[in-house]
2 protein chains.
Amino acid sequence: MKNDKINFSEKFKKFMDLWNPKVIAEMNDYQFKLAKVKGEFIWHSHEDTDEVFIVLKGELTIQLREGEVHLKKGEMYVVPKGTEHKPYAKKKCHIMLVESKGAINTGSIKVGLTAPNDIWI
Amino acid sequence: MKNDKINFSEKFKKFMDLWNPKVIAEMNDYQFKLAKVKGEFIWHSHEDTDEVFIVLKGELTIQLREGEVHLKKGEMYVVPKGTEHKPYAKKKCHIMLVESKGAINTGSIKVGLTAPNDIWI
């Protein structure tokens, strides 16, 4: 088989670190990534790509300059390219991100939270 | 807010037809689609795009010329572009598809199962 199937729960067992997205699949020049998140991330934006957030477990808030989006398991949101956003999770939350290959988790800002951007699990 | 959040369960309540993907979101030039499926689809391929299948409820089998992939809720598979495949679900199954905008559900084959390709719910 050219590709393997991907089981989200099994992939989540393979890492513990927070705010550090791991690639699980590629579709053309896009990547699907899983991340565990808790607490506050930083304000940032992605100038070159929309970014999809899908909540697989728990709850996630995405702060935007114009308001907030509250996501529960089974919900998704598309942050338009160039839109400043700040994810936040009160409790640990499992999310899937979909974005173009090469997208950096902190966007154009390089800080301690900036994660390596092509780590596969 | 530029976009609305999307709740998969609520979207699935909005249609009953089978093998007729409905667009729920766009990310750049890609679309996220939901579909209810049951029974056999046809052999087809997409020459211009990989296609992501994510099972949200039930079980889906994707037949490939080289074997089969069995997906349960919480599992995904990427069918590489140009790869013949035939989805099958013994019981009704809810899936999410991710593929480039304009992709036709039956690929290059036009048959009765060919669905309109840009219906939003």
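This is a predicted model: local features need pLDDT of at least 70, side-chain atom pairs count only at pLDDT 80 or more; totals for chains, interfaces and linings use all residues.
1. Chain A is built from one helix and eight strands, and if you follow the chain from the N terminus, the elements come in the order β-α-β-β-β-β-β-β-β.

2. On overall dimensions, the C-alpha atoms of chain A fill a box of roughly 45 × 30 × 25 Å when it is taken along the principal axes. A compact globule with 121 residues would have a radius of gyration near 14 Å, and because chain A has 13 Å, its value agrees with that expectation.

3. As for the interior, 36% of the 121 residues of chain A count as buried. Among the contacts in chain A between residues at least 6 apart in sequence, 64% join residues that are at least 24 apart.

4. Turning to the interface, 29 residues of chain B are in contact with 29 residues of chain A. On the side of chain B that touches chain A, the elements giving two or more residues are strands E1 (6-7), E2 (22-27), E6 (67-72), E7 (75-79) and E8 (85-100), together with helix H1 (8-12). Of these, E7(B) gives the most, with four residues, and the residues of this side as a whole divide into 15 nonpolar, nine polar and five charged.

Methods: Residues are numbered from 1 along each chain as its sequence is written. Chains are lettered from A and ligands numbered from 1 in the order in which they are written. Two residues are in contact if their C-beta atoms, placed from the backbone, lie within 7 Å. Ala, Val, Leu, Ile, Met, Phe, Trp, Tyr, Cys and Pro count as nonpolar, Asp, Glu, Lys and Arg as charged, and the others, Gly among them, as polar. The radius of gyration is taken over C-alpha atoms; the globule rule is 2.2 Å times the number of residues to the power 0.38. A residue is buried if 20 or more other C-beta atoms lie within 10 Å of its own, exposed if 12 or fewer, and partly exposed in between; C-beta atoms are placed from the backbone.
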